[in-house]
Amino acid sequence: MATVVRDADEAVADIQDGSIVLIGGFGPAGQPVELIDALIRSGVKELTVVSNNAGNGRVGLAALLANGQVRKIICSFPRQADSYVFDELYRAGKVELELVPQGNLAERMRAAGAGIGAFFSPTGVGTPLAEGKEGRTIGGRDYVLEYPIKGDLALIKAFRADTLGNLVYRKTARNFGPVMAAAAQVTAVQVSEIVDPGDIDPEAVVTPGIFVDRLVKIAGVSPLAARGAAR
Amino acid sequence: MITQPAFDASRPLGRDDLARLVAADIPAGSYVNLGIGLPTRVADFLDSSSGVILHSENGMLGMGPRAYGNEIDPDLINAGKLPVTETPGAAYFHAADSFAMMRGGHLDVCVLGAFQVSFDGDLANWHTGAADAVPAVGGAMDLAMGAKHVFVLMTLFNKDAAPKLVPKCTYPLTAVGCVSRVYTDHGVFLVTDHGVVARQTYGMREDDLAERLQLRFVTA
């Protein structure tokens, strides 16, 4: 059952050192910056972070990395124009990287959320990223065995929630949110607004509340984002 | 069907000419993913009447042109993380669905950049293999393996004048045997089961090109 918590700190309060944390976002879009800031304040260490990218600029995920709280990152695309925090830590050997093709990354989390033990993917066959992995030919096509990625905690950003945890996202900020929400033991979601049950059209719910544990309203959504969502 | 644009075959193609050529080769009504960089430019030359629908790996079909000024919405970006717009009939979806569209063979065409393409259609476009490089793969492997047709858009020679269409890729592979066409400044090449066909050359004669690439072209 989803609980509306007071603030971002309460949403991540019981995080343990060494946890696997799934963090939503594709670049800055959908990145739950305020929840990540709470993770930084918690002082938790030795995290394994699963996210598509490895942080932009010096905020959010980049700030968590810069603070030395991440032991390992599992992602598809760490290198970006403004990923200098990660780049420096990686080159200095201070953070471990597991590079996963983006579709396999999404599907490994989807599998975790769906109770699938492992799956055969055609992505990566014949490339360095499939080295050492079990392969199989099915129907004349080659596949590699991929295992689920399950999180202890997922931090995601949605646009609107009802108090039962049903979620609606905005545009391309949806990205990994729905997949991560189902793949973690505990899912904390920051939203721009929380409404009463019934105020979201059940046909329009993207992530059903059963996948959500903690909701926190973060004020200060950009006026432009609010305008877009009101359409 | 769009008429093939005519280009002066005595000169290499410029970047915009290349993008225009690829755009003209995309069948009407296709679902298409354009890679980051030069391939993105193909969108500028797609005829709005062609009904081509652009897929963006970060969870969108019906992607429109770049957004500027007060059109910019931080929640609406493309795979290169630049602000874009949506077209009427656009749809948003999560990452697992987005890659199901690739892996499941639903995308008709993807256009990608490349470091190297082999004569067998192997693609290398994600990692130079340099020891100090920070590797990043993103959706390249899923796209290359999953789209029905993989078009590569690149210069034929690198900065050191070495060919990028090669007998065997020396850079780490993105996917095996996936490329069907290679669009370059010096020629358009079709990768077929019995060899590479030079559909057209630009600024170089076919036999000179064959010698430079150490490739025996086959006829279609």
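What percentage of the 231 residues in chain A is made up of buried residues? The share is 52%. A residue counts as buried if 20 or more other C-beta atoms lie within 10 Å of its own, as exposed if 12 or fewer do, and as partly exposed in between, with C-beta atoms placed from the backbone. This is a predicted model, in which local features need pLDDT of at least 70 and side-chain atom pairs count only at pLDDT 80 or more, while totals for chains, interfaces and linings use all residues. Residues are numbered from 1 along each chain as its sequence is written, and chains are lettered from A and ligands numbered from 1 in the order in which they are written.

Confidence comes next. The model scores ipTM 0.94 and pTM 0.95. Chain B has a mean pLDDT of 94, and 98% of its residues reach 70 or more. pLDDT is the predictor's confidence in each residue, from 0 to 100.

Take chain A as a whole. Its secondary structure comes to seven helices and 14 strands. Helices (H or I, at least four residues) and strands (E, at least two) are DSSP runs, numbered from the N terminus. The radius of gyration of chain A is 18 Å, close to the 17 Å that the globule rule gives for 231 residues, so chain A is as compact as a globular protein of that length. That radius is taken over C-alpha atoms, and the globule rule is 2.2 Å times the number of residues to the power 0.38. Along the principal axes, the C-alpha atoms of chain A fill a box of roughly 50 × 45 × 30 Å. Among contacts in chain A between residues at least 6 apart in sequence, 76% join residues at least 24 apart. Two residues are in contact if their C-beta atoms, placed from the backbone, lie within 7 Å.

Now look at where the chains meet. Chain B gives 33 residues to the contact and chain A gives 40. On the side of chain B that touches chain A, H2 and H3 of chain B are the elements that give two or more residues. H2(B) supplies the largest share, five residues. That side of chain B divides into 19 nonpolar, seven polar and seven charged residues. Here Ala, Val, Leu, Ile, Met, Phe, Trp, Tyr, Cys and Pro count as nonpolar, Asp, Glu, Lys and Arg as charged, and the others, Gly among them, as polar.

Helix H2 of chain B spans residues 95–103 and is mostly covered, with seven of its nine residues buried. Among them are Phe99(B), Met101(B) and Met102(B). The buried residues of H2(B) pack against helix H5 (102–114) and helix H6 (177–183) of chain A. They also pack against strand E2 (53–56) and helix H3 (140–146) of chain B. Gly105(B) follows H2(B) and has a positive phi, near 75 degrees.

Two other residues have positive phi without being glycine. Lys171(A) has a phi of about 45 degrees. Lys171(A) is found in the loop between strand E11 (167–168) and H6 of chain A. With 24 C-beta neighbours inside 10 Å, Lys171(A) counts as buried. Ala161(B) has a phi near 70 degrees. Ala161(B) lies in the loop between strand E8 (149–153) and E9 of chain B. Ala161(B) is exposed, with 7 other C-beta atoms within 10 Å.

Next, strand E8 of chain B. Four of the five residues of E8(B) are buried, so the strand is largely enclosed by the rest of the structure. E8(B) pairs in the parallel sense with strand E5 (residues 109–112) of chain B over four bridges. E8(B) also pairs in the parallel sense with strand E10 (residues 179–184) of chain B, over four bridges. Strands pair if DSSP finds at least two bridges between them. Val152(B) is the bridge partner of Leu112(B) and stands opposite Val182(B) in E10(B).

Val152(B) also belongs to the largest nonpolar core, which has 139 residues. A nonpolar core is a set of buried Ala, Val, Leu, Ile, Met, Phe, Trp, Tyr and Cys residues joined through C-beta atoms within 7 Å. Residues that touch the most other members include Leu65(A), Met180(A), Leu123(B) and Val152(B). Not counting residues up to four places away in sequence, Val152(B) touches residues including Ala114(B), Val117(B) and Leu123(B).

Finally, a sheet in chain B. Three strands form an open sheet in the order E7-E6-E9, with mixed pairing. Strand E7 (123–124) and strand E9 (165–166) stand at the edges, each with a single partner strand, so one side of each is left without a neighbour in the sheet. Strand E6 (residues 116–118) pairs with E9(B) in the parallel sense over two bridges. Val117(B) stands opposite Leu165(B) in E9(B).
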